[in-house]
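Here's a quick briefing to read alongside the model. Take a look at the sequence and the fold, then go through the points below.

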Amino acid sequence: MGRRTAGGIHFVVLVPHRDSRKILRERSAELFAAGFWGAWSFPHAAPLARLSAPMTGIELKNLARRLRELSLAGGRDGMLRPGKTAALPLGQAAGTAVYGPLLDISFDPEDLGAGEKLVEIFSPPLAGCAILGPEDRPAPAILPPATLPPAALPMFRAAAVANLLYRPTGEPAAVEYSYSWRIGKLHWLPPCPRKPGRPRQTGVP
């Protein structure tokens, strides 16, 4: 991830279960081999919002509970399903867009419970597997990049929320692809109600 520098951008992110993260890592490796140099420049997580300061543990627990409620609303089964790939610009992170599959869950600012810390929300969220540079990113920014193949991510129920501190590293000329990050404590979404014949959901990261 490179050396850390002062400052940085605060996000709250959704972190898929490790089995899904493994698929995202494999996707990053494929993209890097195809010449997308930012394939390892973002954690394998889905930004939910940009913040002015990290969320507290209680706020994260409440958010985890609310996201589980949304994943079960309207007769849903708690599963998060990836859809088309997209490029998501990250606002303050100038020149930065995250690439990956969109997840089929939406939320309002009130659902996040971040209060005055909330700067910008990303709904629906996108599971990151690369950072796109100026030559990689399509225009307008939130569209499936035609030159990139889709990311094959399976649907999943087990996921956690956490704070993410994300910041550029290295020389200015390399800032497009050179970032460091720190993910805080994971707060797992509550298990879904079990139905007969469905395996028990684990909370293992």
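Buried here means under 20% relative accessible area, exposed means over 50%, and partly exposed is anything in between, using a 1.4 Å probe and protein chains only. This is a predicted model, where local features need pLDDT of at least 70, side-chain atom pairs count only at pLDDT 80 or more, and totals for chains, interfaces and linings use all residues. Residues are numbered from 1 along each chain as its sequence is written, and side-chain values use heavy atoms, with hydrogens and water left out.

**The three-stranded sheet**

- β3, β4 and β6 form an open sheet in the order β3-β4-β6, with antiparallel pairing; two strands count as paired if DSSP finds at least two bridges between them.
- β3 (82-89) and β6 (130-132) are the edge strands, and each has a single partner, so one side of each has no neighbour in the sheet.
- From one strand to the next, the twist averages 40°, with axes fitted as lines to C-alpha atoms and angles running from 0 to 180 degrees between N-to-C directions.
- Six bridges join β3 to β4 (residues 97-103) in the antiparallel sense.
- L88 sits opposite V98 in β4.
- Strands are DSSP runs (E, at least two residues), as are helices (H or I, at least four), and both are numbered from the N terminus.

**A nonpolar patch**

- F32, W37 and W40 make a nonpolar surface patch of about 350 Å².
- Patch members have over 30% relative accessible area and no salt bridge; like charges are joined within 9 Å, and nonpolar side chains (Val, Leu, Ile, Met, Phe, Trp, Tyr) within 5 Å.
- The areas come from the Shrake-Rupley method with a 1.4 Å probe, and for residues only the protein chains shown count as cover.
- A salt bridge puts a side-chain nitrogen of Lys or Arg within 4 Å of a carboxyl oxygen of Asp or Glu.
- W40 is in the loop between α1 (18-33) and β2 (46-51), and it's partly exposed at 40% relative accessible area.

**Cysteines**

- There are zero disulfides in the structure, a disulfide being a pair of cysteine sulfur atoms within 2.5 Å.
- C129 counts as buried because its relative accessibility is 0%.
- C192 counts as buried too, at 5%, and is found in the segment after β9 (187-188).
- C192 and R157 are 35 residues apart in sequence, with their C-alphas 7.9 Å apart in space.

**R182**

- R182 belongs to strand β8 (residues 179-183) and is partly exposed, with a relative accessible area of 42%.
- R182 and H10 are 172 residues apart in sequence and 9.9 Å apart in space, C-alpha to C-alpha.
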